[in-house]
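Please look through the structure below before reading on.

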Amino acid sequence: VLSNHDHRHRFAMMLGRLSRCVLARTSSVVTNVRPRIIEATPQLSIRSLCNPTLSYSQRMDKTGRPISPHLMIYRLPLIAWSSVTVRITGLIASAGFFVVGGATLYKGGGWVADTAQDLDMTTQRWTGRDFGSIPTFVAKFSIAYLMAYQWLGSARHMVWDLTAMGFTNQKMLQSAYAMFGASAVISLALAMYSLPPSSKSEKQG
């Protein structure tokens with residue numbers, strides 16, 4: 001049987017441990033404050049106060065409800081990539097409109113038109129190498145693909161939002177293949193086509 005002196009000594013030791021834990025905790029920034037229930041056993045309550053706070057993932061693991069891992073550990077299906085590409089092409093097309101508009105305001109529409117029409121010579125002056133008509137073809141194909149895919153993707157999403165038609169895994173996969181293929185065909189046709197010279201250019205020539 002412990003004497004009163006022993007009880008007081010053990011109680012003083014527990015208070016010392018508790019005060020050290022409280023000081024250590026208050027020295028850091030407390031971001032998640034929750035009330036703690038002091039149990040009947042002093043040793044257990046002090047141990048619970050001294051233990052570091054568990055993270056959200058650790059608490060969910062203890063409850064048997066682990067959180068889902070990050071999206072990028074999964075292999076995205078073609079359906080997801082086709083939808084993401086609609087947003088990417090929209091951002092690039094919007095940035096292109098701002099660039100062309102800013103260049104037009106800065107140097108005039110004539111300078112922008114001449115630079116676009118004489119892209120092969122401009123590339124040759126910048127690089128010092130003659131690539132033939134490849135720069136113009138690549139530029140036309142890229143711009144045409146951005147516009148074609150953006151319009152087709154926007155039309156597909158509009159149909160889904162308004163009618164919910166084709167909103168199954170099989171139909172969406174088929175539409176994804178169709179969008180990539182149709183955009184490539186449209187872009188290739190536009191890149192191979194050249195507008196005839198205007199009547200003003202013919203008169204000047």
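Helices (H or I, at least four residues) and strands (E, at least two) are DSSP runs, numbered from the N terminus. The model is predicted, so local features need pLDDT of at least 70, side-chain atom pairs count only at pLDDT 80 or more, and totals for chains, interfaces and linings use all residues. Residues are numbered from 1 along each chain as its sequence is written, and side-chain values use heavy atoms, with hydrogens and water left out.

The secondary structure of the protein consists of nine helices and zero strands. Read from the N terminus, the order of elements is α-α-α-α-α-α-α-α-α. A residue is called buried under 20% relative accessible area, exposed over 50%, and partly exposed in between (1.4 Å probe, protein chains only). Of the 205 residues of the protein, 16% count as buried. Accessible areas come from the Shrake-Rupley method with a 1.4 Å probe, and for residues only the protein chains shown count as cover. The accessible surface of the protein is about 16100 Å², and 66% of this belongs to carbon and sulfur atoms. Contact means heavy atoms within 4.5 Å. Among contacts in the protein with a separation of 6 or more, 64% come from residues 24 or more positions apart.

Helix α4 covers residues 78-107. The expected span of a helix is 1.5 Å times one less than its number of residues. With 30 residues, α4 reaches 42 Å from its first C-alpha to its last, close to the 44 Å expected at 1.5 Å a residue. Which residues of α4 are buried? They are Ile79, Ser82, Ser83, Thr85, Val86, Thr89, Gly90 and Ala93. These buried residues pack against α7 and α8. Ile88 is also found in α4, but at 40% relative accessibility Ile88 counts as partly exposed. Ile88 and Leu146 are 58 residues apart in sequence, and their C-alpha atoms are 9.0 Å apart in space. Just after α4, Gly108 takes a positive phi of about 95°.

Next comes helix α7, which spans residues 134-163. His157 lies in this helix and is buried, with a relative accessible area of 17%. Apart from neighbours within four places in sequence, His157 is in contact with Ser83, Val86 and Arg87. Ala164 lies in the loop between α7 and α8. The phi of Ala164 is near 60°, a positive value in a residue other than glycine.

Helix α8 covers residues 169-192. Ile186 is found in α8 and counts as partly exposed, at 37% relative accessibility. Its C-alpha atom is separated by 7.5 Å from that of Ala144, although Ile186 and Ala144 are 42 residues apart along the chain. Leaving aside neighbours within four places in sequence, Ile186 is in contact with Ala148 and Leu152.

The aromatic rings are the next topic. A pair of aromatic rings is described by the distance of the centres and the angle of the planes. Rings of Phe, Tyr and Trp (its six-membered ring) pair if their centres lie within 6.5 Å; planes under 30 degrees apart count as stacked, over 60 as edge-to-face and the rest as tilted. By this rule there are five aromatic pairs. One of them joins Tyr149 and Phe180, a tilted pair with 5.1 Å centre to centre and 40° between the planes. Because Tyr149 lies in α7 and Phe180 in α8, the pair ties together parts that are 31 residues apart in sequence. Tyr149 is buried, with a relative accessible area of 0%, whereas Phe180 counts as partly exposed at 24%. Phe137, Phe141, Tyr145, Tyr149 and Phe180 form one aromatic cluster.

The last topic is the surface. Patches are made of residues with over 30% relative accessible area and no salt bridge; like charges are joined within 9 Å, and nonpolar side chains (Val, Leu, Ile, Met, Phe, Trp, Tyr) within 5 Å. A salt bridge is a side-chain nitrogen of Lys or Arg within 4 Å of a carboxyl oxygen of Asp or Glu. Phe131, Ile134, Phe137, Val138, Leu188 and Met192 form a nonpolar patch on the surface, with about 560 Å² of accessible area together. The elements that give two or more residues to this patch are α7 and α8. Which element gives the most to the nonpolar patch? α7 does, with three residues. Leu188 has its place in α8 and counts as partly exposed, at 39% relative accessibility.
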